[in-house]
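Hi,

Here is the model I promised to pass on.

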Amino acid sequence: MSGSEPTRKVVPGERPWPAPAKLNLFLHIIGRRPDGYHELQTCFQFVDLCDDIYLRVRLDGKIRRLRGAEGVSEDSDLCVRAAHVLQTAANCNLGVDIDVVKRIPMGAGLGGGSSDAATCLVALNRLWGLDWTDNRLAALGLTLGADVPVFVHGRAAWAEGVGERLTPLEPQFAPREDNYLILKPKVFVSTAEVFQDPELTRNSPPITIHGFLASGGRNDCLDVVRRRYPEVARALDWLSFYGHARLTGTGACVFVNIESLDRGREIVRKLPPASDAFLVRGLNVSPLLERLTAA
């Protein structure tokens with residue numbers, strides 16, 4: 001909540017714009033670029049854990065945040081920044097009130113901030129009548145964060161570069177839309193610190209989509225995160241009793257496939273107190289695209 005600005009009351013029947021979380025089903029680091037960024041390979045899949053974003057167009061050109069991520073200043077809020085960069089790039093005279101209901105935990109490797117920014121770009125493109133293409137929105141989104149483009153395009157994707165070179169996965173290559181149990185240890189993982197760690201693997205050989213489908217890949221950040229964040233290591237060890245536990249992004253979230261949500265609820269009842277749990281379903285098409293068709 002920012003300053004003295006009141007929370008806007010949701011109008012009955014008003015539909016939010018969804019901002020889904022994502023999982024990295026694997027993450028290989030294949031090199032380091034001269035600019036210090038890392039060359040990656042990963043597979044993004046969305047899940048049905050979503051932030052809800054309510055947007056109301058303003059005629060006075062002002063961009064106001066009514067509610068956002070706790071502890072994040074309005075100037076640093078990716079939704080607000082997305083609205084400003086789109087307004088400037090499009091030379092648009094309209095503004096917006098932004099009201100975000102957060103459900104995706106921060107510092108979790110689930111891409112919540114990037115997803116919020118992408119949803120604002122896509123939704124405001126429609127609400128402001130700009131008619132920009134997805135590619136143009138994604139290029140603008142990349143200035144806000146490497147993960148923003150995949151959320152703009154809204155399709156499960158194979159990603160390379162810093163995560164911005166995307167190949168949407170056709171049905172024969174798309175991951176199964178499995179049920180997952182996600183654990184969020186009560187710790188914030190610094191992505192910058194993980195990628196700066198001298199022991200981080202940075203020379204994985206490149207693989208193909210077929211190679212990933214055959215091997216499942218791994219997460220090259222795992223050993224560093226386990227060593228630096230014992231809370232994540234404990235969550236991984238605990239979850240490993242129930243399947244192949246994986247780290248998404250640089251964490252802190254870890255996840256495992258589960259055969260059903262009922263089975264997931266059984267596991268959650270045994271959960272130690274140091275983690276939050278989310279039962280979700282994998283999605284190869286973002287609910288944001290479905291919302292667009294209904295707008």
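You'll find D131 in the loop between α2 and α3, and its phi is positive, about 65 degrees, although it isn't a glycine.

Before going further, a word on where this comes from. This is a predicted model, where local features need pLDDT of at least 70 and side-chain atom pairs count only at pLDDT 80 or more, while totals for chains, interfaces and linings use all residues. Residues are numbered from 1 along each chain as its sequence is written, and side-chain values use heavy atoms, with hydrogens and water left out.

N91 also has a positive phi without being a glycine, near 50 degrees. It sits in the loop between α1 and β4 (95-101), and N91 counts as exposed because its relative accessible area is 67%. A252 is in the loop between β8 (246-247) and β9 (254-258).

Now the inside. The largest nonpolar core has 41 residues, and I53, L55, L86, V96, I98, L121 and V152 have the most contacts within it. (A nonpolar core is a set of buried Ala, Val, Leu, Ile, Met, Phe, Trp, Tyr and Cys residues joined through side-chain atoms within 4.5 Å.) Helix α2 (residues 112-127) contributes the most to this core, with seven residues. Another core, of 27 residues, lies apart from it, and includes F195, A245, V254 and I267.

Helix α3 (residues 134-142) is worth a look too. Its buried residues are L137, A138, L140 and G141. Down the axis of α3 these fall within an arc of 160 degrees, so they line one face of the helix (the arc is that of the directions from the helix axis to the C-beta atoms). The buried residues of α3 pack against α1 (78-90), α2 and α4 (148-153), where contact means heavy atoms within 4.5 Å.

Cheers

Key:
Buried means under 20% relative accessible area, exposed over 50%, partly exposed in between (1.4 Å probe, protein chains only). Helices (H or I, at least four residues) and strands (E, at least two) are DSSP runs, numbered from the N terminus.
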